[in-house]
Amino acid sequence: MWIQQMPRPGQTKPDLVSELRRMQDRLSAVERRPVLGSAFDTYPCMEWETTSRPRQAGNVWTSCGIANVTGVSFDRVEAKFTADRIIPARSEVEIRIAAFRHPHDTFAKECIGASSAVRLTGNYSVVGTKSGMGGGKWRWIHGLPYGWDADEAGDSSSIYTIELQHRNPDDCTQTSDSTWDGAYKISNMHYCAGLPEEQIPDASESGWFWYAGGDYEVVRQADTEEAFMTY
């Protein structure tokens, strides 16, 4: 009798075996989910003030908002931020939200998930030294192990963070001029909250993004291999 063998992970395009396994793991985790005591989880952030951000560390991703989400209850988060002085072809910015693992036995951190990269291309009402504020919001499925799932994931010794990150677009170098230092301004996350699916059904693995007060475009799909500041 001829028996067809299941293909090994990575041998199909798309990788259907790994995708099915991921979905099965997620369903299993949801089945073990305890009764939640609140409608959302808060992961406190700090620094609401928008500050100038020039090109840093060779133009790698730099974090300006960090929330400790170790032991998360929900599989999706919402985070909000503000931006100022985003000027077309002058001081634009790329932004994303990403998840990191911080092992106890090393000082390095590992990017284990990220949204698409979005480019803010200009804020309205910016004239000369006049500010032009904008506000953005991410809704994202992060893919981190749940608090009740951490031990089974074999990773109970790690700390997890979700971080708001930014970088200069490679073709917008922010040279100085007579009115200011050439940098855009971007805030920390005003909040980072874990929410259930029924509250933010539009969250996705690539990230649902909303921005008011300016223009933006999605420029790249998620890439955890892009360079970032590691400390």
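Cys-64 counts as buried, with 6% relative accessibility. This is a predicted model. The structure holds zero disulfides and 12 salt bridges.

**Cysteines**

- The closest cysteine sulfur to that of Cys-45 belongs to Cys-192, 5.5 Å away, and this is too far for a bond because a disulfide needs the two sulfur atoms within 2.5 Å.
- Cys-45 is partly exposed, at 23% relative accessibility.

**Salt bridge between Glu-78 and Lys-137**

- Glu-78 and Lys-137 form a salt bridge through their side chains, at 3.9 Å from N to O.
- Glu-78 sits in strand E4 (residues 76-84) and Lys-137 in strand E8 (residues 134-141), so the bridge ties together parts 59 residues apart in sequence.
- Both residues, Glu-78 and Lys-137, are buried.

**Salt bridge between Arg-119 and Glu-92**

- The side chains of Arg-119 and Glu-92 meet in a salt bridge of 2.6 Å, N to O.
- Arg-119 is part of strand E7 (residues 117-123), while Glu-92 is in the loop between E4 and strand E5 (93-103), so this pair ties together parts 27 residues apart in sequence.
- Arg-119 is buried at 12% relative accessibility, and Glu-92 is buried at 7%.

**Salt bridge between Asp-202 and Arg-139**

- Asp-202 and Arg-139 meet through their side chains in a salt bridge of 3.0 Å, N to O.
- Asp-202 lies in the loop between strand E11 (191-195) and strand E12 (208-212), and Arg-139 lies in strand E8, so the pair ties together parts 63 residues apart in sequence.
- Asp-202 is partly exposed at 30% relative accessibility, whereas Arg-139 is buried at 17%.

Conventions:
Residues are numbered from 1 along each chain as its sequence is written. This is a predicted model: local features need pLDDT of at least 70, side-chain atom pairs count only at pLDDT 80 or more; totals for chains, interfaces and linings use all residues. Side-chain values use heavy atoms; hydrogens and water are left out. Buried means under 20% relative accessible area, exposed over 50%, partly exposed in between (1.4 Å probe, protein chains only). A salt bridge is a side-chain nitrogen of Lys or Arg within 4 Å of a carboxyl oxygen of Asp or Glu. Helices (H or I, at least four residues) and strands (E, at least two) are DSSP runs, numbered from the N terminus.
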